[in-house]
Amino acid sequence: MLLKGKIALITGASRGIGRAIATRFAQEGAHVAFTYLSSVEKGQALEADLQQFGTTVKGYRSDASDFKAADELIAQVVADFGTIDVVINNAGITRDGLLMRMSEDQWDEVMRVNLKSIFNLTKAVTKTMMKARSGSIVNITSVVGLTGNAGQANYAASKAGMIGFTKSVAKELGSRNIRCNALAPGFIETEMTGELNEKAIEEWKQTIPLKRGGQPEEVADAAVFLASDLSKYITGQVLQVDGGMVM
Ligand code: NAP
């Protein structure tokens with residue numbers, strides 16, 4: 001059990017990658033706090049489902065883009081679990097469109113949910129981790145943050161911003177034994193990518209050396225590594241889980 005006894009908070013775990021990470025963490029012996037926003041029923045179902053692993057699991061309805069809510073969430077999780085060892089900043093959205101047609105709202109919403117959220121939560125958890133003199137923060141970015149992508153100027157900028165944030169936090173908090181890494185999935189089969197057109201997906205897959213999309217569980221495996229002591233001398237890095245798509 002790679003995460004036995006660790007207390008992990010995962011944002012946006014009602015479905016997709018976040019759900020797979022929450023599940024895998026509970027399997028590996030972690031106590032899991034997780035958040036959701038609109039998928040209340042799915043959040044409650046996950047909380048019930050993860051009881052089978054015998055660790056403490058609790059879901060919270062909390063908007064990752066809300067600064068005050070992040071503070072309240074951390075206080076509540078610490079009250080419920082005692083401390084927080086691992087934070088996975090996973091909540092994210094897309095509002096795609098070509099720049100010419102992109103509205104200010106599309107830009108602002110993606111920046112708030114994808115980028116401001118990691119400032120909110122990381123800042124809020126820092127005191128707890130500094131007191132414990134240990135912690136692992138994992139920010140779920142995207143390979144698009146490294147390469148850019150037509151039609152995703154807002155999303156790519158938010159994901160690139162997450163990488164700059166990750167490296168800065170790694171430098172600031174390393175002396176306190178708090179690690180901060182980014183995990184960059186490529187094309188992973190979830191509801192987020194399910195919105196894309198099938199022909200485009202097939203063309204994309206052909207450009208991937210492993211010739212297939214990834215599964216949320218494969219991202220979760222990498223998250224276990226970055227959260228666990230197996231990576232205890234690794235900080236400020238971007239780990240790609242993309243079948244070789246970007247190299
Ligand atoms: P998804 O299936 O659309 O799930 C997104 C999750 O984020 C949901 O649980 C959703 O909760 C939550 N969420 C959205 N806005 C939120 C908010 N304001 N506060 C709290 N939770 C919020 O997406 P996914 O594919 O699993 O992606 C997860 C992360 O991986 C995202 O950061 C995404 O950018 C990144 N990523 C995905 C891919 C991919 O190919 N799928 C590739 C690279 C990176 P509710 O439903 O409850 O609102």
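This is a predicted model: local features need pLDDT of at least 70, side-chain atom pairs count only at pLDDT 80 or more; totals for chains, interfaces and linings use all residues.
Biologist: What makes M102, G151 and Q152 contacts of G97?

Modeller: Contact means heavy atoms within 4.5 Å, and G97 meets this with M102, G151 and Q152 once its neighbours within four places in sequence are left aside. Residues are numbered from 1 along each chain as its sequence is written, and side-chain values use heavy atoms, with hydrogens and water left out.

Biologist: Why is G97 called buried?

Modeller: Buried means under 20% relative accessible area, exposed over 50%, partly exposed in between (1.4 Å probe, protein chains only). G97 has 19% relative accessibility, so G97 counts as buried.

Biologist: Why does S39 count as buried?

Modeller: The relative accessibility of S39 is 14%, and therefore S39 counts as buried. Beyond neighbours within four places in sequence, S39 is in contact with S14 and R15.

Biologist: What makes a set of residues a nonpolar core?

Modeller: The set must consist of buried Ala, Val, Leu, Ile, Met, Phe, Trp, Tyr and Cys residues joined through side-chain atoms within 4.5 Å. The largest such core here has 31 residues, and V32 is among those with the most contacts inside it. A second, separate core of 24 residues includes L9, I74, L121 and A170.
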